[in-house]
Amino acid sequence: MNYANIKKRDIANGTGVRVSLFVSGCTHHCKGCFNSETWSFSYGNPFTEEVENEVIEALSPDYMEGLTLLGGEPFEPVNQKGLLNLLRRVKKELPEKNIWCYTGYLFDQDLVPGGKVHCEVTDEMLSMIDVLVDGEFVQDLYDISLKFRGSSNQRIINVKKSLESGEIVLHMS
C-alpha cells in the first residue's frame, strides 16, 4: 500500500485535533474530487513500518483526539490489508483515541459480506472504526455548510452502534 500524505495536526476531517492518513488508490474517480492525485495506487510513498511508527508517535500526545483515514480510498481491498496492522496498534497502544474513516463505499451495501469490497479483513477493520463517513462525493450535492462531509448524500455513521443494532445509526457531532 502507498500513502499520499500524513497531516499530523488536522482539524478538518473529524472532531478535535487528529492525525489524518491519506492512502493512495481509489477506483471511484468522483467528479470534483479534491484529491484526485490519490486515485493512482502507485502515487506517493510506500506505507512502511517506519511510517506506521511515525503515525503512532504523532497520535500519542494527550491533545490528539484520534486518527482519520481517507485518501484515496481506505476500503479498496489492498488498502484494507495495508491499514489493518495500524488500526490494531492504535486500538492496543492508544485505546483512548478514536478512529474516523472516509469511504466512497456504502456501509450497508459494499462493506457487508458479499458486498463489492468486502474481503477477509473488512469486518475486523470495521470493528476498530468509530465513525465512518460513507458514500461517494457527488459534485451536484456539494454543500460547503455540511460538517465533516462534502456532499449531502454522504452519511456520518456511528459504526459500533450500527454493528450492534444491525441498522444504520448516524453519529451526532
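In which strand does Pro46 lie? In this predicted model, Pro46 belongs to strand β3, which spans residues 45–46. Leaving aside neighbours within four places in sequence, Pro46 is in contact with Met1, Asn2, Tyr3 and Val51. Ser24 stands 22 residues from Pro46 in sequence, and the two are 9.5 Å apart in space, C-alpha to C-alpha.

The helix pair comes next. Helix α1 (residues 49–59) and helix α2 (residues 77–93) have axes that come within 11 Å of each other and cross at roughly 30 degrees. Because angles under 35 degrees count as roughly parallel, α1 is described as roughly parallel to α2. The crossing in which α1 passes α2 is right-handed. On the α1 side the contact is made by Glu52, Asn53, Val55, Ile56 and Leu59, while α2 contributes Asn85, Leu86, Arg89, Val90 and Glu93.

The largest pocket has a volume of about 650 Å³. It is lined by 33 residues, of which Phe34, Tyr102, Phe137, Gly150 and Gln154 are the closest to its centre. Strands β1 (2–10) and β4 (64–71) are the elements that give two or more residues to this lining.

Technical notes: Residues numbered from 1 in each chain as written. Predicted model: local features only at pLDDT ≥ 70, side-chain atom pairs only at ≥ 80, totals over all residues. Heavy atoms only, no water. Axes fitted to C-alpha atoms, helices over the stretch in contact; angles between N-to-C directions. Helix = DSSP H or I, 4+ residues; strand = E, 2+ residues; numbered from the N terminus. Parallel < 35°, antiparallel > 145°, perpendicular 65-115°, else oblique. Left-handed = near helix turned anticlockwise from the far one by under 90°. Contact = heavy atoms within 4.5 Å. 1 Å grid on protein atoms, 1.4 Å probe; cavity = no way out; pocket = protein on both sides within 12 Å on 5 of 7 lines; lining within 4 Å. Points joined across faces, edges and corners; volume = space filled by probe spheres on them.
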